[in-house]
Amino acid sequence: MNFKKILGALVLLLSVQLSKAQSFSPVDYVNPLIGTQSKYELSNGNTYPAIAMPWGMNFWTPQTGNMGDGWGYTYTADKIKGFKQTHQPSPWNNDYGQFSIMPTIGEPVFDQEKRASWFSHKAEVVKPYYYSVYLADHDVITELTPSERGAIFRFTFPKTAAAQVVIDAFDKGSYIKVIPEENKIIGYNTRNSGGVPDNFKNYFVIVFDRSFDFKAAVKSGDIKNDVLEMKDNHAGAIVGFKNLKRGEQVIARVASSFISFEQAELNLKEVKGKTFDEIVAVGKAKWNEVLGRVEVKDPDIDRLKTFYSCLYRSTLFPRDFSEIDAQGKRVHYSPYNGQVLPGEMFTDTGFWDTFRSLFPLLNLIYPEMNDRMQAGLVNAYKESGFLPEWASPGHRESMIGNNSASVVADAFATGRKGYDADLLWDAVVHGANNAHPKISATGRFGHEVYNTLGFIPIDKNINQNVARTLEYAYNDWSIYQFGKALGKPNSEISIYAKRAMNYKNIYDAETKLMRGKKSDGTFITPFDPSAWSKEYTEGNAWHWSFCVFHDPQGLIDLMGSKKAFNAMLDTVFVIPSYEGMKSRSMIHEMREMQIMNMGQYAHGNQPIQHMPYLYNYAAEPWKAQYWVRQIMDKLYLPTPDGYCGDEDNGQTSAWYVFSALGFYPVAPASGEYVLGSPQFQSVKLNLQNGKTLKIDATNQNKDNVYVNEVKVNGKMYTKNFFQYKELMKGGELQFDMADKPNKKRGIKDTDAPYSFSKMKL
């Protein structure tokens, strides 16, 4: 072969490789319908297809459920009733500020049942940045594509004498106005599920690309022809177009604001003057930029779909609640005091769920976003006197714990910057020693007795007392870690180091479990570890007894030995799943655990999700590797029923993302990730600091779940954890996988991950 041919071949090879690199489009693997085959009685995710930008202020979703139903879209539904702007974090917390748009033909109709149309998933295209569906009863194709605060709709109509678009501002107080001379509709909705000030409104503006041949306002279902303005409990509007040809399209540009109509007009600039296809291209590029921080190579297409779908879910919440004003400055409507104020605000997340792995994932892959989120927490504290524990959009009465301390501490430990960390110190100290006057989930409910006795007893009218004690102890450790990192004096932070050990006060040596206790120090009797009783939160003793994230070694010491500790971990997977089912009225979390056939392990609910990784602390890391892979392979699928419980704002997804990489943050704010079993052959993390971390797993397949050996940058590595600061330097992690466990690796005391008991205070 002569030189020219060799050169030509090299050029061709280079062009092919370049083409492959340019064609990498992780968003193409995302299935937003994963988790939508859910219902009140059984959650397979409890998700809806969020057509949105990453962390966008507004999401859009096809609406199959009734107005006000938390199950807005379910996979098994037959009809679509509208296309809804939604801010819902979960069906349990429901929605706020929602309104919908729906095309129809024929006589104008407003009623949600009468305007509804049959549809099929076979005629539905669902991507994070684009949605399309054929509405069979109207012979209309509806397409939508979002921006952060807006969207464009494209309706393709049949040949018809009369076509309409219905705007439903929903009930509980709404307003709408048709402005024919501008082809515009404006309105607001006040519908919410709590957590808002009295002046809350979601202002929206819709501009069409053609004039209206028909106009009507709607008052509580009554269509009033040629009436242009309506304020009512349930207001709406209908605009129509006459004599359309088949295939004729109508474009509607939409935006909204929590601040004002004027701000909604400013937000409309995101889509104003841009074509539908241009916004589609922008959305796809943005999602590829965000998802492309992680490049996965693997021959199993289903696993790639699962991974990138989970990464998509991990980058939706918490949502950006801020807007850009006329001066180009970032401002926000405060969901805490109702004022319009400068700076960042994020919302729609429950820290009880997301402190575990969602926020640690942000710190690893999207640290610049958590910089902004921490600044938002500063503002939340300024505006309400407390950090949120469950925000939607303001403080909500949901779940337990004081886990904002973990979120704040882990952020600072991983180098987050650009916000007032000292003010957040004041916030976590205040939150640890006070309870919100109206919302018991915010601050620390029961802090007085906890600080006095070192635990929360069962006879002080404070339910979920065991769970609260365990979470408060971990939260105290988080505060101690944060204070130490800030350089606070020992005289100020030592109390939190002491309280971090309060988990020991409810440990029962007889059963080796965490057990409810009376004020006099006696344990409750009778005691059934499998019972989902009032001492725990959505779980039982088997789930909560291992919630000592910051000090597994201390728990090992209480149980007497590593062997005893591992035996207790083993038992979780052995006790039949039906045990405890009759201990109380059935809740969906109980049913979801029962049907998974993994004993008392309840991955569909968060308290136990870290538990398989605890084998790493007790010299049997191969058991962690086995169970983590069992959970990934069995409980995560790229299908509408692909989760095994509530997805919960990215937490259950982030667990999978971390675990598929091969490690997991058992104790956020410790600066460590605990070893698991990587699921892919090759992964590259494109870190925000410009470094690259490559993770290779040789001999990777479904049977080879065990880690035979690990090398870090070519050097043998025996520890059962990786440090955040080392991973952020980039480099290469090399796993050699096998079908049998290596019981000689990771068994030394020095191989175990962080435990507070081993630290010198």
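**Entry 1: two helices**

I started with helix α15 (residues 552-559) and helix α16 (residues 562-574), whose axes come within 7 Å and cross at roughly 100°. I therefore noted α15 and α16 as roughly perpendicular to each other. A reminder to myself: this is a predicted model.

Which residues meet here? On the α15 side I found L555, I556 and M559, and they meet K562, A564, F565 and M568 in α16. Sorting that contact by class, I get 6 nonpolar residues, no polar ones and 1 charged.

**Entry 2: T652**

Next I looked up T652, which is found in helix α19 (residues 651-661). Is T652 buried or exposed? I have it as buried, because its relative accessible area is 2%, and the cut-off for buried is under 20%.

I then went through the surroundings of T652. Leaving aside neighbours within four places in sequence, T652 is in contact with H603, Q606, Q609, Y636, Y643, D646 and E647.

On to strand β12 (residues 184-189), which is mostly covered, with 6 of its 6 residues buried. I sorted the side chains by direction: K184, I186 and Y188 point one way, while I185, G187 and N189 point the other way, and all are buried.

What does β12 pair with? I found strand β11 (residues 174-179) pairing with β12 in the antiparallel sense over 6 bridges. Strand β13 (residues 202-208) also pairs with β12 in the antiparallel sense, over 6 bridges. Strands of a sheet pair through backbone hydrogen bonds, either parallel or antiparallel.

In β12, N189 is the bridge partner of S174, and in β13 the bridge partner of N189 is N202.

I also checked the hairpin of β11 and β12. It has 4 residues between the strands, and N183 takes a positive phi near 50°.

**Entry 3: a sheet of 3 strands**

Last stop for today: an open sheet of 3 strands in the order β29-β30-β35, with antiparallel pairing. Which strands are at the edges? I noted β29 (663-664) and β35 (721-723) as the edge strands, since each pairs on one side only.

I looked at one pairing in detail. β29 and strand β30 (residues 672-675) pair in the antiparallel sense over 2 bridges. For F663, I found the bridge partner in β30 to be L675.

Definitions and conventions: Residues are numbered from 1 along each chain as its sequence is written. This is a predicted model: local features need pLDDT of at least 70, side-chain atom pairs count only at pLDDT 80 or more; totals for chains, interfaces and linings use all residues. Side-chain values use heavy atoms; hydrogens and water are left out. Axes are lines fitted to C-alpha atoms, for helices over the stretch in contact, and angles run from 0 to 180 degrees between N-to-C directions. Angles under 35 degrees count as roughly parallel, over 145 as roughly antiparallel, 65 to 115 as roughly perpendicular and the rest as oblique. Contact means heavy atoms within 4.5 Å. Ala, Val, Leu, Ile, Met, Phe, Trp, Tyr, Cys and Pro count as nonpolar, Asp, Glu, Lys and Arg as charged, and the others, Gly among them, as polar. Buried means under 20% relative accessible area, exposed over 50%, partly exposed in between (1.4 Å probe, protein chains only). Two strands pair if DSSP finds at least two bridges between them.
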